[in-house]
Amino acid sequence: MSVGARLAGVRFSVPSKILTNADLEKMVDTTDDWIRTRTGIERRHVLSEGESATDIGMAAAQQLFSDGKIDKSSIDALIVATATPEMLFPSTACILTHKLGLNGVPAFDFSAACSGFLYGLSIAKSYIESGTFRSILLVCVEALSRIVDWKDRNTCVLFGDGAGAAVITATEDDRRIRSILIGADGQYQEYLYVPLGGTIAMSGRDVFQVACRKMTEAATQALADAHLTIDDIDLVIPHQANTRIILQVAKQLRIPEDKLFVNIQSYGNTSAASIPIAYREAELAGRVKPGANLLFVAFGGGFTWGSAVLKV
Ligand code: UT7
């Protein structure tokens, strides 16, 4: 078999501070009932003062190494998906090379909002299949609490902070990314954006509609590219932005509920970190068996989207 790219390990980290819907009731004109029924979210983790996105990114990545899952010296490149870099430069990826003891490996950030994990997988797959690198560390880290307007009930109830770290390695067997696609369309930029130095602005209803359509289209294409149908898929792990979006996409794709992984209730929307966090929780819950076929699908600001089919 030709060289392929395998998702070799995923870990995550979230800040210890939890903000519940009850806490938000004291901050804006909202209710626990509205947030639960309209989004599925019950609580989210947020950074404390003095804690940084790099801290949780590092904690996620370090678990991969300390669990003995991945040999740190094998990492050839570090890429970071984030909408919340700590500085314009150096990149969060560069800062992490030093904190993780990976000095010398190429490192860069990219921005694809909530589709960051899918974009990162696509970049890693291309590097590996071209023979450029054999092992890539992808860190998806978001400090959305730092760019949320805590007086805007339309957005502040939705987001949470978190980090997911994944290692993608070269493989010769069939446990690999079977298909992946990414896309973008800037015509919708005014529906969801953050101006430099500003806070998240969103037209939720518009985002909702395009998200359902694009996620369905992307997942359909990824399945077709992998020559599989939804019946061949063991577990679908979608971006966690809103339970109603997930259920709508599942309905359109005819995904039975027992093949769907949802953990938005505990984390809210953690943007690029949401799929790796969900993947690891699914794995810990025994829902990702070796050799299983998975479908990932994401959508975010830009708009950006992506979907992948992989055997793990
Ligand atoms: O990862 C990609 C990024 N974002 C998304 O995917 C988000 C996509 N959009 C959504 O998830 C949903 O559109 C929201 C959860 C943001 C909003 O749900 P909705 O059912 O589309 O509500 P809406 O925006 O149509 O607002 C309905 C009502 C409005 O009141 P009026 O105008 O009908 O009187 C809002 O002001 O709900 C009100 N509302 C709230 N009420 C209580 C909006 N936010 C809140 C709130 N608490 N937190």
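This report walks through the ligand site, some packed segments and a few backbone features of the structure above.

The model is predicted, so local features need pLDDT of at least 70 and side-chain atom pairs count only at pLDDT 80 or more, while totals for chains, interfaces and linings use all residues. Residues are numbered from 1 along each chain as its sequence is written, and side-chain values use heavy atoms, with hydrogens and water left out.

Let us start with the ligand. Of the 23 residues around the ligand, Thr30, Arg38, Arg205, Asn242 and Arg244 come nearest; a residue belongs here if one of its heavy atoms lies within 4 Å of the ligand. The shell divides into 11 nonpolar, seven polar and five charged residues. In this count Ala, Val, Leu, Ile, Met, Phe, Trp, Tyr, Cys and Pro are nonpolar, Asp, Glu, Lys and Arg are charged, and the others, Gly among them, are polar. Helices α2 (32-39), α6 (153-156), α7 (204-225) and α8 (243-253) each supply at least two residues of the shell, and α7 gives the most, with four. Helices (H or I, at least four residues) and strands (E, at least two) are DSSP runs, numbered from the N terminus.

| Side chain | Ligand atom | Distance |
|---|---|---|
| Arginine 38 | oxygen | 2.6 Å |
| Arginine 205 | oxygen | 2.6 Å |
| Asparagine 269 | oxygen | 2.9 Å |

The protein covers 76% of the 940 Å² of accessible area that the ligand has on its own; such areas come from the Shrake-Rupley method with a 1.4 Å probe.

Now for the packing. Helix α4 (residues 92-99) has Thr92, Ala93, Ile95, Leu96 and Thr97 as its buried residues, where buried means under 20% relative accessible area, exposed over 50% and partly exposed in between (1.4 Å probe, protein chains only). These buried residues pack against α3 (53-66), β4 (77-81), β5 (107-110) and β6 (135-142). Just after α4, glycine 101 takes a positive phi of about 70°.

Leucine 47 sits in the loop between β3 (43-45) and α3 and is buried, at 6% relative accessible area. Leaving aside neighbours within four places in sequence, its contacts (heavy atoms within 4.5 Å) include Pro15, Ile56 and Arg146. The C-alpha atoms of leucine 47 and arginine 146 are separated by 8.4 Å, although these residues are 99 residues apart along the chain.

In helix α5 (residues 116-129) we find lysine 125, which is buried with a relative accessible area of 15%. Not counting residues up to four places away in sequence, lysine 125 touches Ala5, Ile177 and Ile180.

Strand β11 (residues 235-238) is covered on both faces: Leu235 and Ile237 on one side, and Val236 and Pro238 on the other, are all buried. β11 pairs with β12 (residues 293-300) in the parallel sense over four bridges; pairing requires at least two DSSP bridges.

Finally, some backbone features. Most residues other than glycine have a negative phi, and most peptide bonds are trans. Arginine 254 counts as exposed at 71% relative accessibility, whereas serine 271 is buried at 3%. The peptide bond from phenylalanine 89 to proline 90 is cis, with omega near 0°, and the bond from glycine 302 to phenylalanine 303 is cis too, with omega near -10°.

Methods: A polar contact is a pair of N or O atoms within 3.5 Å; within protein, one must be able to donate a hydrogen and the other to accept it, and residues adjacent in sequence count only if both atoms are side-chain atoms.
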